Amino acid sequence: MAENRETKTTGTNIMLEADSITKTFNPDTVDAKKALDNLSIKVKKGDFISIIGANGAGKSTLFNAIAGSFITDSGKLVLDGEDITLLPEYKRAKQIGRLFQDPLRGTAPGMTIEENLALAAGHGGWLSHINNADRKAFREKVSQLGMGLEDRMNQQVGLLSGGQRQALTLFMATYSMPKLLLLDEHTAALDPGTAEKVLKITKEIVEENGLTCLMITHNMQSALELGNRTIMMHHGRIIMDTEGEERSKLTVSDLLKRFKQLSGEELDNDRMLLI
Amino acid sequence: MDAIATVVQTALELGLMSALTVLALFLSYSMLNVCDLSTDGCFTFGAAVGAVVAISGHPFLSIFAAMAAGAISGLVTAVLQTRMGINSLLAGIIVNTALYSVNIAVMGQASLLSMNKTETVFTKLRAALKDTVFAGQYKLIVAAVAVLVISVLLGLFLKTKLGLAVRATGDNPDMVRSSSINPVFTTTVGLCIANSFTALSGCLLAQSQKSVDINIGQGMLTVALASLLIGTTFLGRKKMPWRILGMTFGAIVFRLVYTIALRLNMPAFMLKAVSAVIVIIAISFPYLKAQVPLLKRRLSGRKGARSNG
């Protein structure tokens, strides 16, 4: 551990650093809303952080800021030593994989599984075609999902179920080993059985590849079980950040109590699962 | 018998030449999901540029010049909608309007340009095939070769990574926005290629009929859209090569139907109206079909109410 601390001071084991980022929606109007309020966080390489918070706490806004869906009003974002504050979204996407709650959002329905994968694979020039070696590699990798998709490589993705599409999206997002994986309640729209399966695949892929990952969840239990660190957001700020021994002792009811104590409000999230 | 053969051959020639515009729309409308309203102007632009270059003595260069002109027109439309925040329909209309002036300027401030004594690919092939059995088919051969080459190139392009990215941009914009594909780039590439096909289409039509009229492209978008929808109805659910073939099929079917209508004494000026009706039917049909059960229930409900009262 001592060695780790040393490398940490050189800054090389920080994957993502957000330094006082701020975003206000509808500025200078009565509807002005500070969605991110001077938020700072350092994410270490290999961190798997779960993020919880009430509706409108700024969790998804934080992801949008990191991924570049908008440019922040102020502050700085550094990904693995590179300043990405002003980088457009598609350029960040080469290094940041992202999944949304809507399982239909991450794949092209009118294209085949193989064609979707070819887009995600990232290698080869613009004029390169899918060759037989690619086909073989795609099949092999897809079979690891255990969903039988390897026999449906030439079927349109629109014919798959939501769970299959989300698993495929996860697979595509991690295909070229992103530096950062952002999961925005990616199992929330799936039925419980499928959600569990996708969560299990998520865990496997993240662990096997040692990916650095941020995961928004409304499931307090999995927020504590998955990953190595949990942060709680409120009104665009991080109000709790816990890891290690302290985190391992936390229970769901502790989390609720801490929330009330730190924010002065009841944790109010209509989709929050307490168990 | 000969008269009918001639009529059918003319329909095939015109069908094949307009098939190039249908292939352009297949890329912009079906793949990229952008309704490119600059099609009419771009068609004339290709015809005008092709004519001017051919008249200046470069029959082969005229083909590529027309395609390049189309690509530039597509680039302008793309820049307006992706870099300047102009709605894609509006961008097409604006470019279409501007092209009217550009086309007159290209044609030397005239609205009609004759190529009666101009050497073109058509006259070259006619000379080469003189005294052979194919002497009368030179127009058909040029058009068929052009459609074949463009179809193959389009098919190959759509299989490349760039082609897949263009398709994804139309298929799921949300996905593309949060991926490493730059939608600005894919939209621009798609529109440039599509418009180069449209311009080629105009260039060949003008050269085959040896003249350019400023109104040569008017209504081309609707005609091509009608052909595209016919092709999609028959072959739209098949694999990509068949879908591309379907565009030419649709264009030829449209021309044949139109030719038959002409034989049945429909006046020639009705072409645009007929294509408009085909487009209306083809696009509204699925919607109207879905309304039928609802309409039936409403009607039976009304009857029930009456019998109860």
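These legends describe close-up views of a predicted model.

Residues are numbered from 1 along each chain as its sequence is written, and chains are lettered from A and ligands numbered from 1 in the order in which they are written. Because the model is predicted, local features need pLDDT of at least 70, side-chain atom pairs count only at pLDDT 80 or more, and totals for chains, interfaces and linings use all residues; side-chain values use heavy atoms, with hydrogens and water left out.

**View 1. The interface of chain B and chain A.**
Here 20 residues of chain B are in contact with 27 residues of chain A. Contact means heavy atoms within 4.5 Å. The area buried between the two chains is about 2,100 Å². Carbon and sulfur atoms give 62% of that area. Buried area is the accessible area (1.4 Å probe) that two parts lose on being put together, summed over both. On the chain B side, B:K161, B:L164 and B:M175 lose the most area to chain A. Together they make up 29% of what that side buries.

**View 2. Polar links and helices at the interface.**
Twelve residue pairs are in polar contact across the interface of chain B and chain A, both residues being at pLDDT 80 or more. A polar contact is a pair of N or O atoms within 3.5 Å; within protein, one must be able to donate a hydrogen and the other to accept it, and residues adjacent in sequence count only if both atoms are side-chain atoms. Elements giving two or more residues to the side of chain B that touches chain A are α6 (138–159), α7 (161–171) and α8 (173–177) of chain B. Helices (H or I, at least four residues) and strands (E, at least two) are DSSP runs, numbered from the N terminus. α7(B) gives the most, with seven residues. By class, this side has eight nonpolar, six polar and six charged residues. Ala, Val, Leu, Ile, Met, Phe, Trp, Tyr, Cys and Pro count as nonpolar, Asp, Glu, Lys and Arg as charged, and the others, Gly among them, as polar.

**View 3. B:R167 and its partner in chain A.**
One salt bridge is found across the interface of chain B and chain A. A salt bridge is a side-chain nitrogen of Lys or Arg within 4 Å of a carboxyl oxygen of Asp or Glu. A:E115 forms a salt bridge with B:R167, and their closest N and O atoms are 3.1 Å apart. B:R167 sits in helix α7 of chain B. B:R167 is buried, at 8% relative accessible area. Buried means under 20% relative accessible area, exposed over 50%, partly exposed in between (1.4 Å probe, protein chains only). Leaving out residues up to four places away in sequence, B:R167 touches A:G110, A:M111, A:E115, B:M31, B:L158 and B:M240.

**View 4. A:E114 in helix α4 of chain A.**
A:E114 is found in helix α4 (residues 113–121) of chain A. A:E114 is buried, with a relative accessible area of 7%. Its side chain makes a polar contact with the side chain of A:R135 (3.1 Å). Not counting residues up to four places away in sequence, A:E114 touches A:I130, A:R135, A:F138, A:M153 and A:N154.

**View 5. Helix α2 of chain A.**
Seven of the nine residues of helix α2 (residues 59–67) of chain A are buried, so the helix is largely enclosed by the rest of the structure. The buried residues include A:L62, A:F63 and A:I66. A:G68 follows α2(A), with a positive phi near 95 degrees.

**View 6. Salt bridges within chain A.**
A:R229 forms a salt bridge with A:D241, the closest N and O atoms being 2.8 Å apart. This pair links distant parts of the chain: A:R229 is in strand β9 (residues 229–234) and A:D241 in strand β10 (residues 237–243), twelve residues apart. A:R229 is buried at 5% relative accessibility, whereas A:D241 is partly exposed at 38%. A:E204 forms a salt bridge with A:K200, at 3.5 Å between the closest N and O atoms. Both lie in helix α7 (residues 192–209) of chain A, four residues apart, about one turn of the helix.

**View 7. Two cysteines of chain B.**
The count of disulfides over all chains is zero. A disulfide is a pair of cysteine sulfur atoms within 2.5 Å. The sulfur of B:C42 is 10 Å from the closest cysteine sulfur, in B:C192, too far for a bond. For B:C203, the nearest cysteine sulfur is that of B:C42, 12 Å away. B:C42 is buried at 0% relative accessibility, and B:C203 is buried with a relative accessible area of 0%.
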